[in-house]
Amino acid sequence: MIKEFKIHVPDKDIEQLHQKIDLTRWPDEINDYKWTLGTKKSFLENAINVWRNDFNWREHEKKLNDVGSFKYKTTSGLEIHFLHKKSNSKNAVPLLLTHGWPGSIQEFLKIIPLLTKGRNGIDFDVVCPAIPGYGFSDKPKELGINSKEVAKIEHELMIALGYKKYVVQGGDWGATISKWIAELFPDHCIGLHLNLVLAFPSEEDDPMEGVTPEEAKGMENFKKYQEKGYGYFAIQSTKPQTIGYSLNDSPVGLAAWIIEKFHAWASKKSDQLVVPLDEVLAIISLYWFTESITSSARLYYENGPLGFSLNKVTQPMAGAIFEDEIARPPRIWAEKIYNIAQWNIYPGGHFAALENPEVLSNDIYNFVEKLQII
C-alpha cells in the first residue's frame, strides 16, 4: 500500500533539541587545526550555534514535502519512506536513487530537478527510498536487514509503483544495494550507475597487473582511509548499540560524528566544508528528529566488511569516479565484477549528488543515452 506522507516534526521536538544543545558539556581539545584527532572544536561550536539560533528545519521539511513524500508498506511489514518525483513525459525512464551513511534522501534534493527536466529526449521518474532504519522509514525490529535484503525491498517498491524496468544509481551503501538489485533482478534492472565503485582483485592474480600509475595513486585514498579514518567503521560494524546511546542523546555528539565525515570525505583543501553547512545540518536534524542514528549504524553490523557479492553482473554499468572518493579501484578490477559501458573520472568527493549534482546528473544522462544502443 502506498500513501502520501507529510513530514512535520512537532514543535516540542524542535524545542527539546534547543534545550539539549543548551545543556551541552563541552570537552577540552588540543589545538589541532588539521582535524587529525576528530572534529575541530571551534568549527563545531560555530556549527552548533548556527543550528541552535539560525537554522530553520521547516524550510528543509518543506523541500522534502514539495518533491513528493510517500510511504509504502512492504510485504515484510516494514514501512518505507520515499521521495517520488515524476517527469512530464509518459516515456520517462524510472531511476532508483539510493543513499548511504551518513547521508539520507536529502542528498538528492539538488539533483532531482536536473533529472526530471529532461535532456535529448530522455526524462526520468525519480524514486529515492530511505533505507530501513534511516529517516522516516521503519526501524527493523530483528537482525537480518542487510544490503541484499534492502535490495529486495526497493525492488518490491519499484514494482508496486508500476515500474517493471528501471535503472539504479547509488553511492556508499547505496552502491552495494544497487549492485545487489542488478544481481538479483536482471530482468527488471536494465542499468547500474555507481558513484562509489567497489571492486577487489582476485586472490590468484597480481593485484597491480594492468593498473595505471594514475590508478595506483588513486588507491592511496583507501590506504589513508584505512589508516586514519576507519575507527567509526570498526565501532559501527561491531558495537553500534553502544555508540548509539551517546549519539541518540547528545545533539552535539551526533553533529560531531557526522560533520567529521562531511569534512574528511568531501573534496576539500581547507578547514571548511564543501557541502554547505545548512545542508549538512538538515541531514543531522533528520537523524536527530527520527532517532535513527543507532538503527542506521546497524547496517554496518549487518553487512560486515563488504556488503555485496563479487559475482559479475551482466547489465551495462557506469562508474562516475570522483578523485577524492574514499575508494577508487582500478578499472581492471571493476571489469571482473561489472559490465562496464562508461567510466569517467571527475574532480570531487564522496557526496557526489550534494557536491557535484550537475556533473553526476550529466553522467547519468550520458549513460542512459548509451543504453539505447547497447
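T98 lies in strand β4, which spans residues 93-98; strands are DSSP runs of E of at least two residues and helices runs of H or I of at least four, both numbered from the N terminus. The model is predicted, so local features need pLDDT of at least 70 and side-chain atom pairs pLDDT 80 or more, whereas totals for chains, interfaces and linings use all residues. Residues are numbered from 1 along each chain as its sequence is written, and side-chain values use heavy atoms, without hydrogens and water.

T98 counts as buried because its relative accessibility is 1%, the limit for buried being under 20% relative accessible area (1.4 Å probe, protein chains only). Beyond its neighbours within four places in sequence, T98 is in contact with F108, I131, E154, Q169, G170, G171, G174, I177 and S178, contact meaning heavy atoms within 4.5 Å. The side chains of T98 and E154 are also joined by a polar contact of 2.8 Å.

The second largest pocket has a volume of about 550 Å³. Its lining comprises 27 residues, with L198, F200, F222, Y225 and A327 nearest the centre. Helices α6 (173-184), α8 (220-228) and α9 (231-236) each supply at least two lining residues of this pocket, and α8 gives the most, with four. By residue class, the lining of the second largest pocket divides into 21 nonpolar, three polar and three charged residues.

Methods: Buried < 20%, exposed > 50% of the residue type's maximum accessible area, 1.4 Å probe, protein only. Polar contact = N/O pair within 3.5 Å; in protein donor to acceptor, adjacent residues only side chain to side chain. 1 Å grid on protein atoms, 1.4 Å probe; cavity = no way out; pocket = protein on both sides within 12 Å on 5 of 7 lines; lining within 4 Å. Points joined across faces, edges and corners; volume = space filled by probe spheres on them. Nonpolar A, V, L, I, M, F, W, Y, C, P; charged D, E, K, R; others polar.
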